[in-house]
Structures are given as structure tokens and as C-alpha cells.
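I opened my notebook today to look up a few things in one protein chain. Here are my entries, in the order I made them.

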Amino acid sequence: MTSRRPDAIIVGAGIVGAACAVALARDGKRVLVLDAAAAALGTTAAGMGHLVVMDDSPEQLALTRYSTSLWARQDEPLRVASELEWCGTVWVAEDGAQLEGVRAKQQLYAEHGIATEVLDEQSLVDAEPQLRRGLAGGLLVASDGVIYPPSAALALLARARELGAEVRERTAVLLGMELRRPHRPRPVQHGSRSRSSIRTTARSRKASSPARAPIKTSP
Ligand SMILES: Cc1cc2nc3c(=O)[nH]c(=O)nc-3n(C[C@H](O)[C@H](O)[C@H](O)COP(=O)(O)OP(=O)(O)OC[C@H]3O[C@@H](n4cnc5c(N)ncnc54)[C@H](O)[C@@H]3O)c2cc1C
């Protein structure tokens, strides 16, 4: 790769750049990934990693459903390296009106082939004992999951490298305005949030709850 021009240069070794690198390298393209800092330390290091189908718009529903299905189709080593767990999501309804919203959501998801379960007050407590009492119920979407985004990005970059891609860190791509003034390299920030703080929610739930589902607060 070093002696030949790349077919594609990807700016940014976060989870998006890493996924693009795998896709292009898999298609036989010569791929070069550049990152001003280090891989997986940008927004990717702050993300919760929730693989969740959402329905704020038909487009969002189609896209998030497709995206989640892509994760389900990844091979086992990549899923393991990404720390993927199909833990599900619980959309919590505080009162009767929100429970109606939950039922409408269930109907919509069913129309798109997504199986869900409406939880009544007691089933919600059984599923998530750490929630406060007195909630009306919820909707369990068992096919949602969670990954650890930095691990996923690094696993994807490793896969891209196996397929021939080159990854260069501490290599900033200057934008038009930056080219007009002397470039001062930005300091590399090694994760202002530690790995354990990012995963606190999932890990604490792992210890305290059988369901471990990420929780959304309104339908
Ligand atoms: C608090 C929080 C929670 C989130 N939770 C979720 C969630 O549950 N589920 C979900 O799907 N999404 C979630 N997201 C969104 C998700 O994290 C981002 O969409 C995703 O990480 C973006 O990845 P990226 O690769 O595009 O960007 P980044 O990870 O930011 O990567 C961009 C990279 O580009 C590099 N770069 C920038 N400029 C240059 C340059 N000029 N030259 C070279 N390199 C450059 C940076 O150094 C960086 O490494 C969350 C985001 C936040 C902030």
C-alpha cells in the first residue's frame, strides 16, 4: 500500500471511518485511514454503544433497523471483540397515557417485523428491579443490543488492516482555512473518560439486574 496510491483516503479512525475502511477493503480497494490523534478516541470513546431501533421518523426507523441487522450479521470474532450483547431495550411508561404510547409503538414495530413485549407494572419491576416503583409499565424490545464502541472501532480497524488497509495515527488532514496559517499539532487526549466510567451503566446493571436492558424514558 505504501508504494501505491490509495483508492480511498478515510479521514478519521472512529467507528464510522473504521466501518467504511472494512467495507472498502472488503471490496478490494486500497484504503488509507488517517487520524489527527489516535484511533477510537473521538466521539466514539464517549458513545454508549446502544444498538437501538428508533421511530422518530419512518426514515430513522428504516435506518436504525437496517443498522441493527448489520450488527447481527457480523461474524462471531468481530461481535465478541466489539463486546456485543443482545440485552434489549426497555421503553418506560410513567403513566397510563405513556402506556398508550407504548402500545402504539408495539403496533408500529410489529408492522416492521420487530417483536416486542408490553410489560405491566409488575413485569417492569421484575425486569428492572432498580427502577422506582409506581411506573405504569414499558415496552421490551429484545432484539436491541449494546457494544463497547472503542473496542468495536479497534476491531474493525484490525479487520481492515487484515484486508490490506493502512492506518496512520497522529496525521492531521488540514482543511482549507488551516492551510493558510501555520499548523500546530493538537495534543492527543488519552480518553478524558475512562473505559470503566463509560460502561458504568451496563456493568452496574450486570451486577444488579437480570435483564440489563438499556432504558429509554419515554415512548
Ligand atoms: C454521549 C454520547 C452517547 C452516544 N450514544 C450513542 C449510542 O448509544 N448509540 C449510537 O449509535 N451512537 C451514539 N452516540 C453517537 C456515536 O458515538 C457517534 O455517532 C460516533 O461515535 C461517531 O463516530 P465517528 O467515527 O463519526 O466520529 P469520531 O469517533 O469522533 O471519529 C472522528 C475521528 O476523526 C479524527 N479527525 C477529525 N478531524 C480530523 C482531521 N482534520 N484530520 C485527521 N483526523 C481527523 C478525530 O481525531 C477522530 O478520531 C453517542 C454520542 C455521544 C457523544
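**Entry 1: a pair of helices.** I began by listing who meets whom between two helices. From H1, Ile15, Ala18, Ala19, Ala21, Val22 and Ala25 are in contact with residues of H6, and on the H6 side the partners are Pro149, Ala152, Ala153, Leu156, Leu157, Arg159 and Ala160. I then sorted this contact by class and found 12 nonpolar residues, one charged residue and no polar ones. I also noted that the model is a predicted one.

How do the two helices lie? I looked up the axes of H1 (residues 15-26) and H6 (residues 149-162): they come within 8 Å and cross at roughly 25°. Angles under 35 degrees count as roughly parallel, so H1 and H6 are roughly parallel to each other. I wrote down the handedness of the H1 and H6 crossing too, and it is left-handed.

**Entry 2: one residue of that contact.** I picked Ala160, which sits in helix H6. Is Ala160 buried or exposed? I found 26 C-beta neighbours inside 10 Å, and a residue needs 20 or more to be buried, so Ala160 counts as buried. Leaving aside residues up to four places away in sequence, Ala160 touches Ala18, Ala21, Val22, Ala25, Val31 and Ala165. I also checked Ala160 against Leu32: they are 128 residues apart along the chain, yet their C-alpha atoms are separated by 9.8 Å.

Entry 3: I moved on to Asp27, in the loop between H1 and S2. Asp27 has 11 other C-beta atoms within 10 Å, and 12 or fewer means exposed, so I noted Asp27 as exposed.

**Entry 4: the ligand.** How many residues surround the ligand? I got 23, and the closest are Gly12, Gly14, Gly42, Gly47 and His50. H1 turned up again here, as it gives the most to the shell around the ligand, with three residues. Sorted by class, the shell holds 13 nonpolar, nine polar and one charged residues.

**Entry 5: two positive phi angles.** Ala40 is not a glycine, but its phi is positive, about 65°. I found Ala40 in the loop between strand S2 (31-34) and strand S3 (50-51). Ala40 has 24 other C-beta atoms within 10 Å, so it is buried.

Arg170 is another residue other than glycine with a positive phi, near 50°. Its place is the loop between strand S8 (166-168) and helix H7 (176-179). Is Arg170 buried or exposed? Arg170 counts as exposed, because it has 12 C-beta neighbours inside 10 Å.

**Entry 6: one more loop.** Arg133 lies between helix H5 (121-127) and strand S6 (137-141), in the loop there. I noted Arg133 as exposed, because it has 7 other C-beta atoms within 10 Å. Arg133 and Gln122 are 11 residues apart in sequence, and from C-alpha to C-alpha they are 9.2 Å apart in space.

**Entry 7: the whole chain.** Last, I stepped back. I counted nine helices and nine strands in the chain. Of its 219 residues, 30% count as buried. Looking at contacts between residues at least 6 apart in sequence, I found that 74% join residues at least 24 apart.

Methods:
Residues numbered from 1 in each chain as written. Predicted model: local features only at pLDDT ≥ 70, side-chain atom pairs only at ≥ 80, totals over all residues. Axes fitted to C-alpha atoms, helices over the stretch in contact; angles between N-to-C directions. Helix = DSSP H or I, 4+ residues; strand = E, 2+ residues; numbered from the N terminus. Parallel < 35°, antiparallel > 145°, perpendicular 65-115°, else oblique. Left-handed = near helix turned anticlockwise from the far one by under 90°. Contact = placed C-beta atoms within 7 Å. Nonpolar A, V, L, I, M, F, W, Y, C, P; charged D, E, K, R; others polar. Near = placed C-beta within 6 Å.
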